[in-house]
Amino acid sequence: MATKASASPSTYSPSTRRRKQERPNIKDPDWVRSDGRGFHQCRPAFLRTGAVNAAAGSAYAEFGNTKVIVSVFGPRESKKAMMYSDIGRLNCNISYTTFATSIRGQGSDHKEYSSMLHKALEGAIILESFPKTTVDVFALVLESGGSDLPVVISCASLALADAGIMMYDLVAAVSVSCLGTNLIIDPVLEEESYQDGSLMITFMPSRNEVTQMTITGEWSTQKIHEAMELCLDACSKLRTIMSSCLKEAAFASNE
Amino acid sequence: MGPSSSSADLSAEMEVDAFRRLFPLQFYERHLLESIRPDGRTHQQARDTTLALGAVASADGSALAKIGCTTMLAAIKMEVMTPTTDLPDEGNLTIEFHMPPICSPIVRPGKPADIAAVISKELSDTILSSGMINLKELSLVSGKTAWMAYLDIYCLDADGALFDAALLSAVAAFSHLQIPVVSVNDEGKVFIVSEEDKAGKPGNEPVNIDKRKLVLSNIPYSLTCLLHKNYILADPTAEEESIMETSLTVVLNSSRQLVSLYKPGGPVLAYTSALQDCVAMTMQRVKELQKILNEAISDMEVV
Amino acid sequence: MVGLSIGEKHFIKGGIAQDLRCDGRKRLSYRPLYVETGVIPQANGSARVRMGGTDVIASVKAELGKPSRLQPDKGKVSIYVDCSPLSTPLFQGRGGEELSAELSVALQLCLLGGKSGAGAGIDLSSLCIIDGKICWDLYIDGLVVSSNGNLLDALGAAIKAALSNTGIPKVHVAAAASNDEQPEVDISDEEFSQFDISLVPVIVTLTKVGRHYIVDATTEEESQMSSAVSVSVNRKGHICGLSKRGGAGLDPSIILDMISVAKHVSEQFTNQLDSEIAAAEAREDE
């Protein structure tokens with residue numbers, strides 16, 4: 001950071017006078033979420049396949065203010081340096097636009113997301129179906145509005161289906177934030193910034209299998225039970241929306 | 001047996017798709033003879049163009065431009081800077097063009113496409129030299145603070161004529177730009193004045209209430225053409241660009257003055273008459289683009 | 001990866017199914033644990049942990065820094081793991097880099113807690129000296145010297161031992177002149193404050209081979225896994241982090257079962273680790 005600031009004429013984005021986002025009093029029984037949702041209510045999801053023509057498959061997802069595009073390329077030749085492999089490889093990358101976050105260029109501190117996307121998808125893809133080759137999954141977060149990673153994962157599995165890559169099932173991902181004693185599903189950016197902990201599950205509903213799960217913050221076993229229940233239920237609902245999106249696209253192309 | 005003569009023999013019995021893949025140049029030349037292009041356009045016809053303003057809520061100004069399948073998303077973020085001592089009354093403008101890996105199979109993560117840097121340079125040269133933006137309008141307090149406008153253009157889908165789409169999205173983003181109302185405190189730090197602050201606490205007087213929109217004069221518009229033998233093809237797709245390599249980009253402003261002209265080499269050497277034809281086609285295109293931009297702006301005002 | 005014949009694979013899997021692993025252990029028992037503290041004199045704290053053939057070193061370095069704008073009342077911690085190419089041929093070139101990144105992220109997930117700081121093993125607000133001005137930056141480095149499986153648990157243990165070995169110098173702040181200036185500080189050479197490690201969690205990785213799960217898997221056993229779940233558990237028995245590795249999906253009920261097994265195992269492991277750390281520090285003081 002220090003080198004970056006000295007290289008270009010230093011600029012800053014002006015803030016409002018209120019210095020810090022105060023954490024609301026969540027113990028207050030009247031506390032409502034900033035967008036008026038119930039604690040266990042997800043944002044409306046908008047999904048479309050075929051967003052990028054140049055790619056083998058692609059999808060666009062919009063959950064509230066979180067907007068992402070995922071393109072899938074391949075199966076194509078693996079890089080030269082790669083050793084022979086009798087199963088296919090999966091290569092994932094997530095990047096942010098410079099205007100995705102409220103302060104310009106802050107999206108780059110999510111390097112771990114690429115490997116988490118990889119871990120969430122590898123269990124769902126039938127890698128044996130494209131030996132010796134690589135499938136590339138690239139995601140671009142156009143606007144970051146919270147729960148970015150789960151949205152990217154769901155969108156990526158839709159893009160993979162659009163590209164005709166064989167999968168055991170679609171992967172739906174949902175996260176839950178823990179705020180005091182409350183569990184709130186599908187948190188927005190503001191809620192994520194003051195959460196006590198978060199739990200994310202990526203799930204293949206028709207196989208009843210969890211492909212990836214992460215927990216941060218302090219949780220009791222009872223709380224994990226509750227949160228998982230909540231996530232799994234939301235994943236199953238999301239999967240229904242995802243499959244109907246694919247069906248619509250298939251109908252449209254048949255006509 | 002050269003490839004061209006063998007292709008002529010084969011073409012009678014080959015499937016269209018196979019012919020297109022194996023002998024792309026012959027495939028195109030046959031179309032051109034009939035004065036039509038494989039996607040059904042005439043030589044001089046540009047693809048359908050759409051504009052949507054305000055696509056990104058987290059930016060101060062944004063626009064999504066689509067020319068055929070080529071899609072560009074431009075967004076402007078305003079930040080505060082201290083102006084340089086030799087130009088105390090001027091703000092500044094930084095323009096970057098990005099080709100993320102999602103836009104095309106040729107771009108890989110960590111390895112930016114060469115063409116992205118070229119287009120980035122051409123765009124900032126064109127926009128800064130066109131005089132579309134008066135940098136003095138970006139000044140807040142003379143010699144103390146001024147705006148730095150960061151314009152980032154992302155290519156979401158690359159299908160030819162990248163420069164044209166990028167310039168269109170950039171221009172549209174500037175016409176959508178709404179500069180935040182700010183006040184300057186005693187230490188020279190700039191704060192955004194929110195709605196509730198407007199009630200008028202002391203020291204909170206906004207300094208730029210009447211300067212929220214930039215006046216855009218001499219807006220530049222461009223058209224890229226491909227030159228192949230004697231043919232001139234307007235608004236090429238990625239496939240056309242890969243087959244016929246000589247391109248020519250003309251940028252004209254709204255009063256039909258030439259802003260810039262790029263012909264980055266290529267096997268075809270252009271006669272001046274071809275140049276004149278390209279300029280004439282660009283003039284036509286400027287009218288179309290002006291109409292599209294004005295419609296997009298008025299659509300937004302209605303909403 | 002690991003070159004194993006079909007016979008060897010069957011032997012490993014069969015042994016695990018019968019609760020008798022190749023080295024004579026039961027499914028839920030650890031290899032002997034050996035801890036040594038203060039191995040790197042230049043660092044503020046360091047420790048070396050050996051579990052069978054796995055050998056890792058962790059060091060903690062504290063430097064004065066400036067808190068970030070978003071969290072002015074907190075210090076900063078960064079965790080980085082280096083996989084030495086010497087330890088396994090597999091770590092040469094990119095292989096080591098990927099594993100390094102994966103381990104670093106997993107450790108951050110397990111040790112640093114949620115955004116608000118709840119459940120963090122390291123209390124970030126204790127690292128702050130003056131709000132918005134000065135804080136301690138902790139640089140935690142892990143080095144894999146030799147690898148024979150279960151790296152994450154070993155690194156977690158080494159970091160815990162290194163933190164207990166860490167002394168952070170006391171800082172005297174000269175009266176600040178004005179609000180804007182960076183106040184002058186005086187770092188004491190003699191007085192140190194000890195780090196409280198009672199809430200630093202331990203990491204337990206359960207590796208699923210066949211229908212059973214095992215703790216402290218060796219490299220051979222890891223090559224046969226379908227998936228692995230790493231759970232970090234603190235002394236209160238609360239889960240502070242969880243991540244999953246390996247391709248195969250898991251039934252949600254199995255994950256819950258694994259969490260409760262990990263919680264149970266962690267109690268023994270925490271006690272064993274604490275007594276080893278105490279013994280190591282006693283040796284160092286002599």
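Analyst: Happy to walk through this predicted model with you. One definition to start: a crossing is right-handed if the near helix is turned clockwise from the far one by less than a right angle, and left-handed if anticlockwise.

User: Which hand does the crossing of α3(C) and α5(C) have?

Analyst: Helix α3 of chain C spans residues 151-164, and helix α5 of chain C spans residues 252-285. Their axes come within 11 Å. By the definition above, the crossing of α3(C) and α5(C) is right-handed.

User: Which residues of α5(C) make that contact?

Analyst: On the α3(C) side, the contact uses A157(C), K160(C), A161(C) and S164(C). By class, the contact of these helices has five nonpolar, one polar and one charged residues. From α5(C) come L273(C), I277(C) and A280(C).

User: How are α3(C) and α5(C) oriented to each other?

Analyst: Their axes cross at roughly 45°. Angles under 35 degrees would count as roughly parallel, and 65 to 115 as roughly perpendicular. The two helices are therefore oblique.

User: Which element gives the largest share of the side of chain C that touches chain A?

Analyst: The contact takes 29 residues from chain C and 32 residues from chain A. On the chain C side, the elements giving two or more residues are α2 (94-112), β12 (239-245) and α5. The largest share, seven residues, comes from β12(C).

Note on methods:
Residues numbered from 1 in each chain as written. Chains lettered and ligands numbered in written order. Predicted model: local features only at pLDDT ≥ 70, side-chain atom pairs only at ≥ 80, totals over all residues. Axes fitted to C-alpha atoms, helices over the stretch in contact; angles between N-to-C directions. Helix = DSSP H or I, 4+ residues; strand = E, 2+ residues; numbered from the N terminus. Parallel < 35°, antiparallel > 145°, perpendicular 65-115°, else oblique. Contact = placed C-beta atoms within 7 Å. Nonpolar A, V, L, I, M, F, W, Y, C, P; charged D, E, K, R; others polar.
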